[in-house]
Amino acid sequence: MNKLTIWQQLVEQSQMRWKEVLEATSVHIQLVFFSMLIAIVLGITLGIIITRVPKLTTIVLGGAGVMQTIPSLALLGFMIPIFGIGVKTAIAALFLYSLLPIIRNTYTGIKDVDKATTEAAKGMGMTSMQVLLKVELPLAIPVIMAGIRTAAVINVGTATLAAFIGAGGLGDFIFLGITRGIDGLILLGAIPAAILAIILETLFSGIERWTTPKGLK
């Protein structure tokens, strides 16, 4: 099948299914948003905790690493007995799949802060919490945001597999295109997912620049 035919199929399928594409994109965004929100909150929290309790570092990073090595489709399958088929299962699996980059980068970003800087802050009378909020986290923001960007891009791609457990999203078109042998239908799901990943990457890059202290820019 030549390239022109594929694009003709894409145009034809777009004309027939544009409303479905908008609905699927909305569902896809929701899956990514809620799973990433939970992953960011818990991932940053765990990253901070293991900088304060070094004994937990191996356990936390090792556990998150194990989740990352499990094939995404298998992880979705493991969640089904717990949450059933549908959106909850997809969000739970995507959340677990997004944890490692966020935890690791939060830990690395805080640990890489110059010790002389934190000691100077303590010498000025700052409490441990004040040092964390006013010194360590602001200086670690670029590294933390790099982890969040990585997790978001992975999340968008992995979310297409949610179609296999009835959670919807852009993966529905990819799955349907594969089963029917229609390449244009596959592109109908793949292209919006790729665009969404690029938008998220750009958005988080902008947030990173906005939150990075002026002295580090």
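**Exercises on a predicted helical model**

Ile-29 has its place in helix 1, where helices are DSSP runs of H or I with at least four residues, numbered from the N terminus. The model is predicted, so local features need pLDDT of at least 70 and side-chain atom pairs count only at pLDDT 80 or more, while totals for chains, interfaces and linings use all residues. Residues are numbered from 1 along each chain as its sequence is written, and side-chain values use heavy atoms, with hydrogens and water left out.

**Exercise 1.** Determine whether Gln-13 is buried or exposed, and find what its side chain meets.

*Solution.* Begin with the cut-offs: buried means under 20% relative accessible area, exposed means over 50%, and partly exposed lies in between (1.4 Å probe, protein chains only). Gln-13 has a relative accessible area of 7%, and is therefore buried. Next, look at its side chain, which makes a polar contact with the side chain of Arg-17 at 2.7 Å; such a contact is a pair of N or O atoms within 3.5 Å, where within protein one must be able to donate a hydrogen and the other to accept it, and residues adjacent in sequence count only if both atoms are side-chain atoms. Finally, leaving out residues up to four places away in sequence, Gln-13 touches Ile-182, Leu-185 and Leu-188, where contact means heavy atoms within 4.5 Å.

**Exercise 2.** Find which residue pairs with Arg-52 in a salt bridge, and which helices the pair links.

*Solution.* The salt bridge joins Arg-52 to Glu-136, whose closest N and O atoms are 2.7 Å apart. This pair links distant parts of the chain, since Arg-52 is in helix 1 and Glu-136 is in helix 6, 84 residues apart. As for accessibility, Arg-52 counts as partly exposed at 36%, while Glu-136 counts as buried at 9%.

Key. Helices (H or I, at least four residues) and strands (E, at least two) are DSSP runs, numbered from the N terminus. A salt bridge is a side-chain nitrogen of Lys or Arg within 4 Å of a carboxyl oxygen of Asp or Glu.
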